[in-house]
Amino acid sequence: MRDFKQIAAAAVLALCGAAAAAADLGGAPITFISPFPPGGGTDTLTRMVGTAVSQDTGWNIVVENKPGAGGNLALDATARARPDGHTLVMAQTDNIVLNPWLYSKLTYDTFKDFKPVGLVASSPSVFVVLPDSPYKTLDDVVKAAKAKPGQVSLGIPGIGGSGDLIGYLWRKAAGIELMHVPYRGWGQAFPDLMSGRIALYTGSVASLLPQIRGGQVRALAVVADARSPALPQVPTFAESGFKSINQTIWWGLMAPGKTPDDVVAALNAALNRSLAKPELVRKLEEAGYTVMGGTPGDLAQRYRADYEVFGKVVQEAGIPKQ
């Protein structure tokens with residue numbers, strides 16, 4: 001994670017070459033497309049960041065929810081939009097990185113049809129159980145799974161998503177078999193967790209934090225290099241003996257692939273200025289996110305690297321394309 005000084009420095013450097021383009025972006029509304037429905041973690045993040053950038057720049061930023069097809073509808077709409085800086089998508093690990101490995105036919109090229117603007121935030125996956133669950137630690141789950149192979153059930157937000165792949169990595173590292181039960185999201189999975197149909201569920205800290213804080217579920221561990229600022233009492237997988245399981249979920253703004261570099265620089269500078277403001281940092285951390293920021297190149301490097309890493313996991317797990 002970058003500290004405030006690093007983010008501010010990146011913003012200043014970007015501003016030097018972006019002043020002229022910044023004026024052009026104020027003439028028409030700028031649409032931030034969220035690939036998920038209103039009320040979810042990605043929607044909340046998109047709206048908080050969009051509001052902060054709008055207040056800082058005076059730009060008219062509107063959020064458009066375009067859910068469906070694992071984020072492909074939102075990505076397709078962005079790829080086809082005019083490359084003038086007025087349409088951006090809040091891309092994330094589970095769509096811009098994973099969809100090329102999960103779908104046999106895509107209407108876009110994940111590397112040619114998008115231009116990175118900047119990393120926004122990250123949030124680790126968290127594994128949760130009911131408050132009265134007999135599983136108090138990851139080790140408790142491992143022992144139960146070894147005693148009854150394939151009978152301990154793990155709810156996941158979609159086949160082939162980050163939750164599914166992290167579950168696979170855990171099974172492989174621990175030498176256990178878990179029953180993966182896919183859902184469209186937390187809203188569908190929660191009743192099954194409450195009724196005992198599934199024993200565990202995994203999603204991002206940002207999406208599950210309200211239920212964790214409300215006592216409806218109990219967190220067992222987070223998937224990250226360090227503990228989540230929002231859940232400092234919850235250990236990481238590494239602390240629980242699984243040092244290689246530390247892949248966090250990230251979000252970043254992407255523009256259509258032919259967007260001019262000076263326009264991208266202006267957007268990146270505005271994003272970094274907003275992410276450096278303590279008020280937005282506080283709101284994002286309270287919601288379960290860790291602020292990132294940085295250059296367009298940082299985002300390009302991150303999603304290329306994760307594309308390779310997660311692609312290998314998809315292939316090892318034998319997940320077929322849809």
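Domain bounds here come from an automatic or database domain assignment. On that basis, the protein, seen here as a predicted model, is divided into domain 1 and domain 2. Domain 1 comprises residues 30–122 + 249–317. Domain 2 covers residues 124–240. The C-alpha centres of domain 1 and domain 2 are 26 Å apart. Domain 1 gives 17 residues to the contact, and domain 2 also gives 17 residues. Between them, the two domains bury about 1400 Å². Carbon and sulfur atoms account for 65% of that buried area.

Helix α8 spans residues 162–174, and helix α13 spans residues 296–317. Their axes lie 10 Å apart, and the packing angle is about 65°. Because angles of 65 to 115 degrees count as roughly perpendicular, α8 is classed as roughly perpendicular to α13. The crossing of α8 past α13 is left-handed. On the α8 side, the contact is made by L165, Y168, L169 and K172. On the α13 side, F310, V313, V314, E316 and A317 take part. Seven residues of this α8 contact with α13 are nonpolar, and two are charged. No polar residue is present in the contact of α8 with α13.

Helix α3 takes part in the other two pairs. Helix α3 (residues 41–57) packs with helix α12 (residues 278–286). The axes of α3 and α12 come within 11 Å and cross at roughly 175°. Angles over 145 degrees count as roughly antiparallel, and α3 and α12 are therefore roughly antiparallel to each other. L45, M48 and A52 form the α3 side of this contact. L280, K283 and L284 form the α12 side. Five of the residues in the contact of α3 with α12 are nonpolar and one is charged, with no polar residue.

The partner in the remaining pair is helix α11 (residues 261–275). The axes of α3 and α11 come within 9 Å, crossing at roughly 105°. This places α3 and α11 roughly perpendicular to each other. From α3, the residues V49, A52, V53, D56 and T57 are involved. They meet A270, L271, R273 and S274 in α11. By class, the contact of α3 with α11 has five nonpolar, two polar and two charged residues.

Conventions:
Residues are numbered from 1 along each chain as its sequence is written. This is a predicted model: local features need pLDDT of at least 70, side-chain atom pairs count only at pLDDT 80 or more; totals for chains, interfaces and linings use all residues. Side-chain values use heavy atoms; hydrogens and water are left out. Axes are lines fitted to C-alpha atoms, for helices over the stretch in contact, and angles run from 0 to 180 degrees between N-to-C directions. Helices (H or I, at least four residues) and strands (E, at least two) are DSSP runs, numbered from the N terminus. Angles under 35 degrees count as roughly parallel, over 145 as roughly antiparallel, 65 to 115 as roughly perpendicular and the rest as oblique. A crossing is left-handed if the near helix is turned anticlockwise from the far one by less than a right angle, and right-handed if clockwise. Contact means heavy atoms within 4.5 Å. Ala, Val, Leu, Ile, Met, Phe, Trp, Tyr, Cys and Pro count as nonpolar, Asp, Glu, Lys and Arg as charged, and the others, Gly among them, as polar. Buried area is the accessible area (1.4 Å probe) that two parts lose on being put together, summed over both.
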